[in-house]
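Reader: I'd like to go through this one label by label. Can you walk me through how each was assigned?

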Amino acid sequence: MTSVVGYIDATPMRLRDLSLGVLAPESAVAVETGGNHLIRFVTPDNWSTIVTGRVANTRAGPTIDGMPGFIHGFAFSAA
């Protein structure tokens, strides 16, 4: 399976989980909570959409690979 990767404020992110109202990416560094970010999803056949997400929480925890890192909780928002 291929990882879904992206960047927020030049910080590389990898998607851990995605549901109807939230997404949970991981990264090597923490992201400040409270900020709103545009999040673009692109499928392998180049279909894409952009949503707005607010950083609801950030916690230290192991990455998918077992390395030290941070897991972030983004809540989708209307603006």
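Reader: How do you know that strand β1 and strand β2 pair, and in which sense?

Author: Keep in mind that this is a predicted model. Two strands pair if there are at least two bridges between them. Strand β1 (residues 5–8) and strand β2 (residues 11–18) have four bridges, in the antiparallel sense, so they count as paired. Within that pairing, valine 5 stands opposite arginine 14.

Reader: And what sits between the strands of that hairpin?

Author: Two residues, and aspartate 9 in this hairpin takes a positive phi near 50 degrees.

Reader: Back to arginine 14. What makes its contact with glutamate 26 a salt bridge?

Author: The cut-off is a side-chain nitrogen of Lys or Arg within 4 Å of a carboxyl oxygen of Asp or Glu. For arginine 14 and glutamate 26 the closest N and O atoms are 2.7 Å apart, so the pair meets the rule.

Reader: Why is arginine 14 called buried?

Author: Buried means under 20% relative accessible area. Arginine 14 has 16% relative accessibility, so it counts as buried. Glutamate 26 has 3%, so that residue is buried too.

Reader: What is the distance between aspartate 65 and arginine 14, and what is that contact called?

Author: The closest N and O atoms are 3.1 Å apart, and it's a salt bridge. Aspartate 65 lies in the loop between β5 (48–62) and β6 (68–77), while arginine 14 is in strand β2, so the pair ties together parts that are 51 residues apart in sequence.

Reader: Is aspartate 65 buried or exposed?

Author: Exposed means over 50%. Aspartate 65 comes in at 55% relative accessibility, so it counts as exposed.

Reader: Which side chain does arginine 16 meet in a salt bridge?

Author: That of glutamate 26, at 2.8 Å from N to O. This pair links distant parts of the chain, with arginine 16 in strand β2 and glutamate 26 in strand β3, ten residues apart.

Reader: How many salt bridges does the rule give, then?

Author: Three. Arg14, Arg16, Glu26 and Asp65 are linked in a network of salt bridges.

Technical notes. Residues numbered from 1 in each chain as written. Predicted model: local features only at pLDDT ≥ 70, side-chain atom pairs only at ≥ 80, totals over all residues. Heavy atoms only, no water. Buried < 20%, exposed > 50% of the residue type's maximum accessible area, 1.4 Å probe, protein only.
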